[in-house]
Amino acid sequence: MGILEKIAEIEKEISRTQKNKATEYHLGLLKAKLAKYRSQLLEPSKSAGGKGEGFDVMKSGDARVALVGFPSVGKSTFLSLMTSTASEAASYEFTTLTCIPGVIEYKGANIQLLDLPGIIEGAAQGKGRGRQVIAVARTADVVIMMLDATKGDVQRELLEKELESVGIRLNRTKPNIYFKPKKGGGLSYNSTVPLTHCSEKLVQLILHEYKIFNAEVLFREDSTPDEFIDVIVGNRVYMPCLYVYNKVDQISIEEVDRLARRPHSVVISCGMKLNLEYLLERLWEYLALICLYTKKRGERPDFNDAIIMRRGASVEHVCHRIHRTLASQFKYALVWGTSTKYSPQRVGLTHVMEHEDVIQIVKK
């Protein structure tokens with residue numbers, strides 16, 4: 001029996017199993033087996049040929065955004081509108097067959113936008129080059145899930161399921177569980193909160209499924225067996241996702257209002273160029289980027305050439321971005337902006353910068 005058949009069988013058994021206390025352990029075990037088979041499925045086979053043409057796109061710019069969605073939802077039209085790259089757009093499905101990169105220039109940042117071929121149901125199992133598409137999506141900082149507003153919520157549910165099955169967790173944080181395999185000593189199990197989903201017995205059974213018999217486990221939150229399995233497997237990607245509903249000009253205003261009020265959702269129309277500016281604002285928020293400006297002693301700040309950093313970047317990160325030896329020669333920095341109590345404030349390497357701060361670095 002192949003891996004795909006095993007996965008299908010386990011999924012059927014999970015849907016058959018009623019959730020009560022007696023079958024909770026059985027469900028946990030089934031989920032562990034399912035996660036194991038799925039990770040085997042994602043590992044490239046030794047006999048696989050060369051890489052798919054156009055999929056190995058080099059990472060460039062300040063951030064990378066993957067555009068995923070079903071065929072004919074308007075991904076290529078969106079890429080052509082947002083960037084200077086022309087991606088072939090037509091009214092038939094599978095117009096785009098390779099990964100097409102473009103660059104959005106916004107607030108001084110270069111954001112790489114990847115137009116990926118349309119995902120179809122069963123993509124995680126490799127249908128329609130789906131595995132290659134999803135592998136590229138894993139390298140992005142943010143996923144834009146392009147959906148057809150006229151199709152309701154069917155597309156969203158199917159795409160979430162496909163991405164979930166290959167270890168992409170959308171708009172979720174990493175489970176707060178400490179896990180460390182050991183050489184001996186059995187299982188050390190503790191929790192700092194009352195647990196309603198996992199028990200010591202279930203944790204032990206799941207670990208045995210992965211041939212782990214000695215480990216330290218500490219739950220710092222009430223996690224589910226699925227989240228615990230994610231921690232054991234360790235190759236899960238947690239990333240923000242924007243659900244973008246296109247073609248809103250073809251649905252009623254009540255439906256547009258309903259979709260726009262959903263969390264992490266934006267409604268647009270590529271055909272009529274509606275709401276695209278707001279989408280860029282939301283994307284900037286989700287990418288957590290900030291612009292910083294530098295200033296030389298006795299001169300005005302250089303507002304034409306911004307340094308793009310991630311939110312939470314410290315003065316040390318800025319030094320490394322300017323030149324790798326600058327941090328070792330650093331004496332202090334003067335900072336103007338919202339991160340300071342007064343302007344200019346003299347700060348050290350650990351000071352955290354904020355959007356549109358101005359920095360002057362003084363060397364030893």
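Two strands pair if DSSP finds at least two bridges between them. Strands (E, at least two residues) and helices (H or I, at least four) are DSSP runs, numbered from the N terminus. By these terms, strand 14 (residues 330-336) and strand 16 pair in the antiparallel sense over six bridges. The model is predicted, so local features need pLDDT of at least 70 and side-chain atom pairs count only at pLDDT 80 or more, while totals for chains, interfaces and linings use all residues. Residues are numbered from 1 along each chain as its sequence is written, and side-chain values use heavy atoms, with hydrogens and water left out.

- Five strands form an open sheet in the order 13-12-16-14-15, with mixed pairing.
- Strand 13 (307-310) and strand 15 (345-347) are the edge strands, and each pairs on one side only.
- On average, neighbouring strands of this sheet are turned by 35 degrees against each other, direction ignored. Axes here are lines fitted to C-alpha atoms, for helices over the stretch in contact, and angles run from 0 to 180 degrees between N-to-C directions.
- In general, strands of a sheet pair through backbone hydrogen bonds, either parallel or antiparallel.
- Strand 12 (residues 289-294) pairs with strand 16 in the parallel sense, over three bridges. Leucine 292 has aspartate 357 as its bridge partner in strand 16.
- In the antiparallel pairing of strands 14 and 16, the bridge partner of phenylalanine 330 is lysine 363 in strand 16.
- Strand 16 (residues 357-363) is largely enclosed by the rest of the structure, because five of its seven residues are buried. Buried means under 20% relative accessible area, exposed over 50%, and partly exposed in between (1.4 Å probe, protein chains only).
- Helix 10 (residues 315-322) lies across strand 12, strand 13, strand 14, strand 15 and strand 16, and runs at about 135 degrees to strand 13. Contact means heavy atoms within 4.5 Å.

- The structure holds five aromatic pairs. Rings of Phe, Tyr and Trp (its six-membered ring) pair if their centres lie within 6.5 Å; planes under 30 degrees apart count as stacked, over 60 as edge-to-face and the rest as tilted.
- The rings of phenylalanine 179 and phenylalanine 228 are edge-to-face, because their planes stand at 90 degrees, with the centres 6.3 Å apart.
- This pair links distant parts of the chain: phenylalanine 179 is in strand 6 (residues 177-181) and phenylalanine 228 in helix 7 (residues 225-233), 49 residues apart.
- Phenylalanine 179 counts as buried at 17% relative accessibility, and phenylalanine 228 counts as buried at 0%.
- The pair of phenylalanine 219 and phenylalanine 228 is tilted, since the planes lie at 35 degrees, with ring centres 5.6 Å apart. Both residues are buried.
- Ring pairs link Phe179, Tyr189, Phe219 and Phe228 into a cluster.
- Buried residues of helix 7 include Pro225, Phe228, Ile229, Asp230, Val231 and Ile232.

**Charges over rings**

- Arginine 156 has its charged end over the ring of tyrosine 243, 3.6 Å from the ring centre. A charge sits over a ring if NZ of Lys or CZ of Arg is within 6 Å of the ring centre and within 35 degrees of the ring normal.
- The charged end of arginine 346 sits over the ring of tyrosine 332, 3.7 Å from its centre.

**Salt bridges**

- A search of the whole structure finds 12 salt bridges, each defined as a side-chain nitrogen of Lys or Arg within 4 Å of a carboxyl oxygen of Asp or Glu.
- Aspartate 148 and lysine 247 meet through their side chains in a salt bridge (3.5 Å, N to O). Aspartate 148 lies in strand 4 (residues 142-148) and lysine 247 in the loop between strand 10 (241-246) and helix 8 (253-260), so the pair ties together parts 99 residues apart in sequence.
- Aspartate 148 is buried, with a relative accessible area of 4%.
- Aspartate 153 forms a salt bridge with arginine 258, with the closest N and O atoms 3.8 Å apart. Aspartate 153 is in the loop between strand 4 and helix 5 (154-165) and arginine 258 in helix 8, 105 residues apart.
- Aspartate 153 is partly exposed at 24% relative accessible area, as is arginine 258 at 37%.
- Aspartate 257 forms a salt bridge with arginine 261, the closest N and O atoms being 3.1 Å apart. Aspartate 257 counts as partly exposed at 37% relative accessibility, whereas arginine 261 counts as exposed at 66%.
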